[in-house]
4 protein chains.
Amino acid sequence: MPSSTSRIEAFSDGVMAIAITLLVLDLRVPTQEQVAAANGDLVAVLGTRWPSYVAYLAAFLTIGIIWLNHHAFVHKLVRMDATLLWLNLLMLLGVATLPFPTALLAEFVGDGGRPAATAALIYGLLSVATALPWVLMWRHIRDHPELLAHGLGDDHARAELRRASMGPIIYVFAIPLALVVPLLALVFYLAISVIYAISSQGARVGAEASE
Amino acid sequence: MPSSTSRIEAFSDGVMAIAITLLVLDLRVPTQEQVAAANGDLVAVLGTRWPSYVAYLAAFLTIGIIWLNHHAFVHKLVRMDATLLWLNLLMLLGVATLPFPTALLAEFVGDGGRPAATAALIYGLLSVATALPWVLMWRHIRDHPELLAHGLGDDHARAELRRASMGPIIYVFAIPLALVVPLLALVFYLAISVIYAISSQGARVGAEASE
Amino acid sequence: MPSSTSRIEAFSDGVMAIAITLLVLDLRVPTQEQVAAANGDLVAVLGTRWPSYVAYLAAFLTIGIIWLNHHAFVHKLVRMDATLLWLNLLMLLGVATLPFPTALLAEFVGDGGRPAATAALIYGLLSVATALPWVLMWRHIRDHPELLAHGLGDDHARAELRRASMGPIIYVFAIPLALVVPLLALVFYLAISVIYAISSQGARVGAEASE
Amino acid sequence: MPSSTSRIEAFSDGVMAIAITLLVLDLRVPTQEQVAAANGDLVAVLGTRWPSYVAYLAAFLTIGIIWLNHHAFVHKLVRMDATLLWLNLLMLLGVATLPFPTALLAEFVGDGGRPAATAALIYGLLSVATALPWVLMWRHIRDHPELLAHGLGDDHARAELRRASMGPIIYVFAIPLALVVPLLALVFYLAISVIYAISSQGARVGAEASE
């Protein structure tokens with residue numbers, strides 16, 4: 001039998017792989033009637049839906065980065081206790097729910113009115129809710145350093161806690177933006193993902209993950 | 001090649017991870033027409049659908065807890081015989097089917113009439129059907145203690161059988177409630193999950209699972 | 001790195017776990033309008049859809065049994081060569097496609113006319129197509145006994161080939177039945193699964209799988 | 001804890017297994033009204049949708065072949081560094097998105113007009129986008145031969161880079177075809193898959209994968 005940690009990895013990987021792949025269902029195919037109404041110009045019909053592609057990319061990258069983080073995270077632990085198991089499940093709840101605000105955003109952000117602001121706000125709030133369990137997990141590990149593997153000390157846990165705390169803060173700052181210029185909030189979410197992806201931090205996470 | 005038990009874990013984890021992630025498809029995005037009819041008030045439109053969010057949370061937690069239990073369960077066995085394999089498949093049938101009554105509940109519980117009662121009843125009956133294979137599995141293990149790992153005796157199997165038997169009983173009690181006040185039954189299902197999650201029992205399961 | 005066989009198992013398990021869980025999407029939730037048209041009698045509305053539940057159960061059991069067989073199958077091999085990999089992919093194509101004729105059957109079998117016969121026929125033909133790769137795989141193994149593990153000889157491969165050949169034959173016999181009494185064909189498909197499940201053969205597969 | 005490479009395999013396998021299985025959702029079941037309008041001739045109604053079956057098969061084989069390639073690919077590496085992790089995620093983005101142009105193609109290719117050409121073009125462009133990360137990955141490995149396992153030298157990386165570069169080129173050639181005769185492009189995509197599958201190259205990949 002594999003260790004418990006590896007089964008938690010397998011279940012978490014499963015949920016993240018499924019959530020990331022289900023996002024494609026939000027890219028809805030236009031009906032033949034809609035295309036006929038646009039004189040058969042499928043490019044034009046798809047073009048009006050560009051916010052849904054940005055939302056798709058932002059959500060895909062977000063889940064991809066969470067997976068990379070989770071990957072590096074699990075490798076720093078010797079085991080997960082009950083608290084970590086539940087917080088991990090809470091984090092997966094956020095990831096599994098992400099296709100819903102992504103679909104909301106894709107549907108309403110193009111109009112730019114109140115529904116667009118609401119959709120961008122809900123996306124932002126869920127992002128905060130998905131980032132929070134990371135803070136709680138690292139706080140728990142800081143207080144239980146015996147969970148840490150590889151001779152990592154509570155110094156390491158404290159550094160990770162600071163880093164994890166940045167996530168919710170960035171998203172909280174994006175919320176007023178979402179209310180005023182929803183489209184910009186969407187671009188901002190995508191930018192966070194891309195910056196994170198190409199930054200040295202992202203690379204470091206990747207490098208650690210690959211060791 | 002990994003042991004058979006680990007492949008049963010992998011398949012079971014797969015089904016549970018997919019079922020838990022498919023639940024999000026029941027959170028349907030309102031159409032632009034529906035939002036326009038509410039004067040662009042997306043919050044109001046989403047607000048009328050709150051029972052679907054409670055149903056989503058209850059089902060997510062239910063499957064999450066079943067996964068934690070399954071996790072602890074497999075680690076108490078040296079192997080699964082044919083009977084356990086089939087009972088395990090029966091249990092997975094219950095889990096995989098759960099998105100259906102969840103969607104029924106989400107669609108009809110808000111109205112509070114006969115359809116609401118029917119939906120709550122079906123959810124309750126499927127919950128009983130998902131809890132029953134656990135009783136049968138532990139009864140089979142009690143009669144075949146050679147399947148137990150780690151020097152666990154049939155005392156342990158008897159204790160687990162008593163514990164597993166509580167599940168169907170609790171759900172059976174909720175059924176009359178579902179018929180009279182369907183909304184309350186929904187809250188009750190969620191409460192069972194939450195209580196289980198924060199109770200020491202839940203913690204104990206988690207702790208065992210992480211060892 | 002795990003052995004190649006274990007990665008083929010992981011991918012195959014993934015496809016089978018997803019296909020078995022996607023089946024639930026065919027159990028469509030009636031709209032509020034449909035229930036209102038039936039005077040709020042949700043039980044009656046769901047009741048008219050009973051063939052879709054039988055189709056769901058038959059398809060769930062079929063994939064479950066294929067998984068059990070695949071489980072036992074892989075454990076009899078030391079490795080898969082290129083031919084087996086492609087035949088395995090062909091078998092997965094059948095499994096992954098099964099939700100489609102199941103949905104067809106659920107939609108049309110209740111009426112009993114020509115569409116019902118067509119749907120039952122397509123389900124039967126796909127079942128034959130899913131059973132055929134097993135015959136081809138065992139024929140290939142009979143001719144390449146060095147792929148067999150555990151000191152199993154080509155006697156064993158020959159026995160398995162005979163057993164695998166029964167699958168397509170049974171389904172071919174069901175095809176004329178599908179054309180005349182489609183509903184009976186549906187019950188017949190379910191019966192095959194149940195008989196297989198409770199028969200000693202099924203138990204033997206399970207027992208081997210659990211060793 | 002398993003090695004990082006095995007977890008990347010698990011996540012990649014998950015995404016590929018889900019994407020390949022989600023394709024079946026594009027095979028939409030006709031409504032009872034559509035069949036009634038065709039005098040109950042379900043075969044005729046399904047028959048008009050044959051391009052969606054070709055698109056389904058082409059996409060299924062494409063993902064299946066990418067999985068076989070990925071399988072062989074990972075076994076040639078000792079580890080993935082940060083660059084490979086991100087390129088791998090990019091490749092998975094292409095795979096996970098494939099069900100969308102497949103659905104577009106299925107919906108519009110039958111008509112043969114401008115929408116058909118657009119759909120075939122988008123399918124082709126996404127195929128190029130999915131094939132490009134392979135080129136980038138092998139270029140990176142050529143420049144970092146220490147990532148190669150099993151005593152493979154940069155000769156091997158150079159050969160793989162040439163082979164990987166063929167993918168985008170073939171698809172680029174198909175693009176003008178898509179604009180003129182979209183239906184032929186669809187058949188061409190399927191042919192690429194089939195030829196690849198039965199060619200010695202495909203067999204070689206399979207054989208390596210199974211060692």
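1. A:Asp155 is exposed in this predicted model, with a relative accessible area of 58%. Its side chain meets that of A:Arg158 in a salt bridge, with N and O 3.9 Å apart. A:Arg158 is partly exposed, its relative accessible area being 36%. Because A:Asp155 and A:Arg158 are three residues apart in helix α8 of chain A, which covers residues 154–180, about one helical turn separates them.

2. A pair with the corresponding numbers can be followed in chain C, where the side chains of C:Asp155 and C:Arg158 meet in a salt bridge of 3.9 Å, taken from N to O. C:Asp155 counts as exposed at 58% relative accessibility, while C:Arg158 counts as partly exposed at 37%. These two residues lie three apart in helix α8 (residues 154–180) of chain C, and are therefore separated by about one helical turn. Returning to chain A, salt bridges that share partners link A:Lys76, A:Glu160 and A:Arg163 into one network.

3. In chain B, the salt bridge to look at is the one between B:Asp143 and B:Arg142, whose closest N and O atoms are 3.1 Å apart. B:Asp143 is partly exposed, at 48% relative accessibility, and B:Arg142 is also partly exposed, with a relative accessible area of 26%. A search of the whole structure, over all chains, finds 24 salt bridges.

4. In the chain, A:Asp26 sits in the loop between α1 (4–22) and α2 (32–37). Leaving aside residues up to four places away in sequence, A:Asp26 touches A:Pro99, A:Thr102 and A:Ala103.

5. The fold of chain A can be described by its secondary structure, which comes to 10 helices and zero strands. Of its 211 residues, 59% count as buried. Among the contacts in chain A between residues at least 6 apart in sequence, 75% join residues that are at least 24 apart. The C-alpha trace spans about 65 × 40 × 30 Å along its principal axes.

6. The surface of chain A exposes about 7900 Å², and carbon and sulfur atoms supply 67% of that area. Chain A carries 12 positive and 15 negative side chains, and the centres of these two sets lie 6 Å apart.

7. Which residues form the salt bridge between chain A and chain B? The side chains of A:Arg114 and B:Asp41 meet there at 3.5 Å, from N to O, and the count between the two chains is one salt bridge. In this pairing, 47 residues of chain B are in contact with 36 residues of chain A. The size of an interface is often given as the accessible area lost when the parts come together. Chain B and chain A bury about 3500 Å² between them, 74% of it on carbon and sulfur atoms.

8. Other chain pairs are not in contact. Chain A and chain C do not touch, and their nearest C-alpha atoms are 9 Å apart. No contact joins chain B and chain D either, their closest C-alpha atoms lying 9 Å apart.

Conventions. Residues are numbered from 1 along each chain as its sequence is written. Chains are lettered from A and ligands numbered from 1 in the order in which they are written. This is a predicted model: local features need pLDDT of at least 70, side-chain atom pairs count only at pLDDT 80 or more; totals for chains, interfaces and linings use all residues. Side-chain values use heavy atoms; hydrogens and water are left out. Helices (H or I, at least four residues) and strands (E, at least two) are DSSP runs, numbered from the N terminus. Buried means under 20% relative accessible area, exposed over 50%, partly exposed in between (1.4 Å probe, protein chains only). Contact means heavy atoms within 4.5 Å. Accessible areas come from the Shrake-Rupley method with a 1.4 Å probe; for residues, only the protein chains shown count as cover. Lys and Arg count as positive and Asp and Glu as negative; His and the chain ends are not counted. The place of a charge is taken as NZ of Lys, CZ of Arg, CG of Asp or CD of Glu. Buried area is the accessible area (1.4 Å probe) that two parts lose on being put together, summed over both. A salt bridge is a side-chain nitrogen of Lys or Arg within 4 Å of a carboxyl oxygen of Asp or Glu.
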